[in-house]
Amino acid sequence: MKTKNSRKTDDIAIIGMACRFPGARNYEEYWDNLIAGKNCVGEIPKDRWNWEDYYGDPASDDSKTNIKYGGFIEGVDKFDPLFFKISPREAGYMDPQHRMFLESTWHAIE
């Protein structure tokens, strides 16, 4: 019988780990970045968009922003939809976070 403060504990098994963060393709690189105190936020990459076209004072111009930095994950455009039995057309409509989730899940199980 369990008392009010007792908890049942069960063993768990970690069968895999995977992640992607700005500046880290996997958890080993992520951990190394944490240990080194590396700042993985940087200027917006030119292959994403040209931040200079939008940079300015948002108080004086509604179409401008004063943001030119962010944390960007590399390779988000490298998704292989056929591997997951998804048509390329359907993959184009998917949220990039969903595509990354599929890839990370596969890497964790792999």
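The dialogue below takes up cysteines, aromatic rings and a helix in turn.

Tutor: Please note at the outset that this is a predicted model.

Student: How many disulfides does the count come to?

Tutor: In general, a disulfide is a covalent bond between the sulfur atoms of two cysteines. In this model the count comes to 0 disulfides. Cysteine 19 takes part in no disulfide, and the nearest cysteine sulfur, that of cysteine 40, is 12 Å away.

Student: Is cysteine 19 buried or exposed?

Tutor: The term buried applies under 20% relative accessible area. Cysteine 19 has 18% relative accessibility, so it counts as buried. Cysteine 40, at 22%, counts as partly exposed.

Student: How many aromatic pairs does a search of the whole structure find?

Tutor: The search finds 6 aromatic pairs. One of them joins tryptophan 49 and phenylalanine 72 in an edge-to-face arrangement, with 5.9 Å from centre to centre and 75° between the planes.

Student: Where in the chain do tryptophan 49 and phenylalanine 72 lie?

Tutor: This pair links distant parts of the chain, its residues being 23 apart. Tryptophan 49 belongs to the loop between β1 (42–43) and β2 (69–70), while phenylalanine 72 belongs to the loop between β2 and α2 (88–93). Tryptophan 49 is partly exposed, its relative accessible area being 40%.

Student: What kind of aromatic pair do phenylalanine 79 and phenylalanine 84 form?

Tutor: Phenylalanine 79 and phenylalanine 84 are stacked, with 0° between the planes and 5.4 Å from centre to centre. Phenylalanine 79 is buried at 12% relative accessible area, whereas phenylalanine 84 is partly exposed at 23%. Both belong to one aromatic cluster that is formed by Phe79, Phe83, Phe84 and Trp106.

Student: Which charged end sits over the ring of tyrosine 55?

Tutor: That of lysine 68, which lies 5.6 Å from the centre of the ring.

Student: Which residue caps the N-terminal end of helix α1?

Tutor: In general, an α-helix has 3.6 residues a turn, so residues three or four places apart point the same way. Here, asparagine 26 caps the N-terminal end of α1 (residues 27–36). A side-chain oxygen of asparagine 26 lies 3.1 Å from the backbone nitrogen of glutamate 28. Just after α1, glycine 37 adopts a positive phi of about 70°.

Definitions and conventions. Residues numbered from 1 in each chain as written. Predicted model: local features only at pLDDT ≥ 70, side-chain atom pairs only at ≥ 80, totals over all residues. Heavy atoms only, no water. Disulfide = S-S within 2.5 Å. Buried < 20%, exposed > 50% of the residue type's maximum accessible area, 1.4 Å probe, protein only. Phe/Tyr/Trp six-rings, centres within 6.5 Å; stacked < 30°, edge-to-face > 60°. Helix = DSSP H or I, 4+ residues; strand = E, 2+ residues; numbered from the N terminus. Lys NZ or Arg CZ within 6 Å of the ring centre and 35° of its normal. Polar contact = N/O pair within 3.5 Å; in protein donor to acceptor, adjacent residues only side chain to side chain.
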